[in-house]
Every structure is written in structure tokens, then in C-alpha cells.
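Please look over the model shown here before reading on.

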Amino acid sequence: MMKIHTREFSVAAAIVALGLVLAVVAPGYFSAANLSDLFLANLPVLLVAIGMTLVIVTGEIDISVGSMFAICSVAAGILAKSGMPVWLAAASACVLGAMLGSVDGALVAYVGIPSIVVTLATMVALRDGLRWWTEGAWVQDLPPGFQWFGLPQAAYPLVACASVVFLQATTAWVMRNLAGGRAVYATGSNEEAARLVGLNTARVKCAVFVVAGALTGLAALLNSVRFNQIPSNAGLGLEMKVIAAAVVGGAAIRGGEGSLMGTLLGVVLLGAIGPALTFLGVSVYWERALQGAIILAAVAIDAVRERRAFHAAVAAAGPA
């Protein structure tokens, strides 16, 4: 049976409380059309957040995912325009994301540069490079079979939902049951101890960046097929959304802790706030303030919990 952590329970309770308020005050929030729009808008956030959670669990961070998202989106559109089949353009977007992630992962794991420095540099370089290459132009005149993957518009959310459920469940199972998943937690909990017991921690760190990149490429594609043109500035602010979702869901920035269920709940809570404010008649300018307060509360709770655990351990050890 899957263990429900305190943070996950708290976030789930907050989602239920928000839902009850909306059900009474603004029942239109739960219309099929609005829920479908909410799902599609937060689909890329959830996919990228899955990869971000793996990166954070190893004790690293990746703030270049927004720029990767833009590059993969534009690349998928250009490849589709060139006549490449949609499925091959989709695979190419994922491979491109994985390649970009591997660059970050190699610099962090094998060169030893801090991940915040590496991904800050690649975030700026990739974004500015794309802006220079496209001159700010959007990818237009996409082939008819690209939008919605050629499916009826009503069918696409079902296909996208099935894909996300499969990826979420599979990754969560791997993290809980396979040696590779346990290696991710071991690397983030105590990298030196993991290395001493025979884990190749550099390979583990590089691998999670590759997975995060591939998921970013997939998210870019699934988002791009919703429209008939692709902006060259896609993914702006995406990195903050996914990091916030992972942290609110219980992923510890220091590494070693985090769950995909918690990340899913974090995406749901943070993604619901903006539309909820609109339905409640509150200025949307409060959205970021509320999200910031939630993130700060989550980090503060972690700090208090760690301090209490430390003092309890010291008290249990007794006098030297």
C-alpha cells in the first residue's frame, strides 16, 4: 500500500477545501469545459515537474527547462512543416530534450559545476540563441495533421490524460520498486555514502537530467499540438512553476525527499489558484502572491520539522 506522507495529506486537504469553497460560491468552476481547459493548461507543468522532482531528489536543480521547452516546441513545429510525420516529430522533440538535458547533466555530474550555475547559463544561452535564430518569429502554417495529432479536438484531452497517467504511474512505480529509483533517493540523501556502497552517483545525476529533458520535450510537443502556431517565447516562467509544484508537494531542496504524488498535488493546487480567483471575483494579481505564500509556508514547515528532528536526535543521544 502506498504511504501517504504528511505533506501530501496537507496539500490534498488544501485542494479539497478550495474545491468546497468553489462548489458553494462558484459552481461554474467545475464545468466540463473549464476542467478540460485547466487540465490542458497544466499538462506541460505536470510532465516537466515529474522530471524536476527526480532532479531535486538528487539534491540538484534545473532552471533551464523553460528554455528547453521553447526550443523543443519550435523544433517540433519546424520538423512537422518540413513534411516529417507527426509521430517522428514527437520522437525528435523528446530526443532533443534528452540531448539538452544530457549537456546539463554531464557538466554537473562529471565536471562538478553546481547545477544552479550550469542551468542558469544554459537557460540564458538557449533562450537568447533561439531568439536570435528565429528573430522572434513564430512557427506558422503548420500542417493540418499536427494540431491535436490529427485527432478530433474532443478526443485529444482523453489521449493526453491517458499518456500522463501512464507516465506518472510508471515513474512512481520505478522510484518505489526498482534499484534505479532507490539510487536516486540514495544519491540525494547522502551522496558520499551512496558512492561508498558502490553507486555511480555521477551517472545517477546525469540520468535524471536526461529524463527531465526528455519529459520537457514531450511536454513541449503535447502543448504545441493544441495550437495552429508556435510562439518562439514558449515556456517563459515554466521553471518556477515546476520547482514550486515539486517543493509544495514535499520535495526537499537539499535532496533525498520527494514523491511524484506530492508533485501531482502541488501542480493541482498551484494550477487551480489563478482560475479560482477569477471565478471568485478576486483580482488575478493576487495569484502570484498566494502561490508565493504557499511555497514559503511549505519551506518553513520543512525547516521547522528538520529542526525538531535534529533536537530530538540530540536528546535521544544523551550526554557524551
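The lining of the largest pocket divides into 16 nonpolar, 8 polar and 5 charged residues, where Ala, Val, Leu, Ile, Met, Phe, Trp, Tyr, Cys and Pro count as nonpolar, Asp, Glu, Lys and Arg as charged, and the others, Gly among them, as polar. This is a predicted model, in which local features need pLDDT of at least 70, side-chain atom pairs count only at pLDDT 80 or more, and totals for chains, interfaces and linings use all residues. Residues are numbered from 1 along each chain as its sequence is written, and side-chain values use heavy atoms, with hydrogens and water left out.

The pocket holds about 800 Å³ of space, and of its 29 lining residues, Val45, Gly237, Lys241, Glu287 and Gln291 lie nearest its centre. The elements that give two or more residues to this lining are α2 (32-57), α10 (238-248), α11 (260-280) and α12 (286-317). On a 1 Å grid over the protein atoms alone, a pocket is an open set of points where a 1.4 Å probe fits, with protein on both sides within 12 Å along at least five of seven lines, and lining residues have an atom within 4 Å of a point.

| Pair | Axes | Angle |
|---|---|---|
| α2 and α10 | 8 Å apart | about 65 degrees |
| α2 and α11 | within 9 Å | roughly 145 degrees |
| α3 and α9 | within 8 Å | roughly 55 degrees |

The crossing of α2 and α10 is right-handed, and the contact (heavy atoms within 4.5 Å) involves Val45, Val48, Ala49, Met52, Thr53 and Ile56 of α2 together with Leu238, Lys241, Val242, Ile243 and Ala246 of α10. By class, this contact has 9 nonpolar, 1 polar and 1 charged residues.

Helix α2 also meets α11 in a right-handed crossing, where the contacting residues include Asn34, Leu38, Asn42 and Val45 of α2 and Leu260, Thr263 and Phe279 of α11. The residues of that contact divide into 10 nonpolar, 5 polar and no charged.

Helices α3 (residues 65-81) and α9 (residues 201-224) also cross, and the crossing is right-handed. Among the residues in their contact are Val65, Met68 and Phe69 of α3 and Gly213, Thr216 and Ser224 of α9, and the contact comprises 8 nonpolar, 6 polar and no charged residues.

Terms used
Axes are lines fitted to C-alpha atoms, for helices over the stretch in contact, and angles run from 0 to 180 degrees between N-to-C directions. Helices (H or I, at least four residues) and strands (E, at least two) are DSSP runs, numbered from the N terminus. A crossing is left-handed if the near helix is turned anticlockwise from the far one by less than a right angle, and right-handed if clockwise. Grid points are joined across faces, edges and corners, and a volume is the space filled by probe spheres set on the points.
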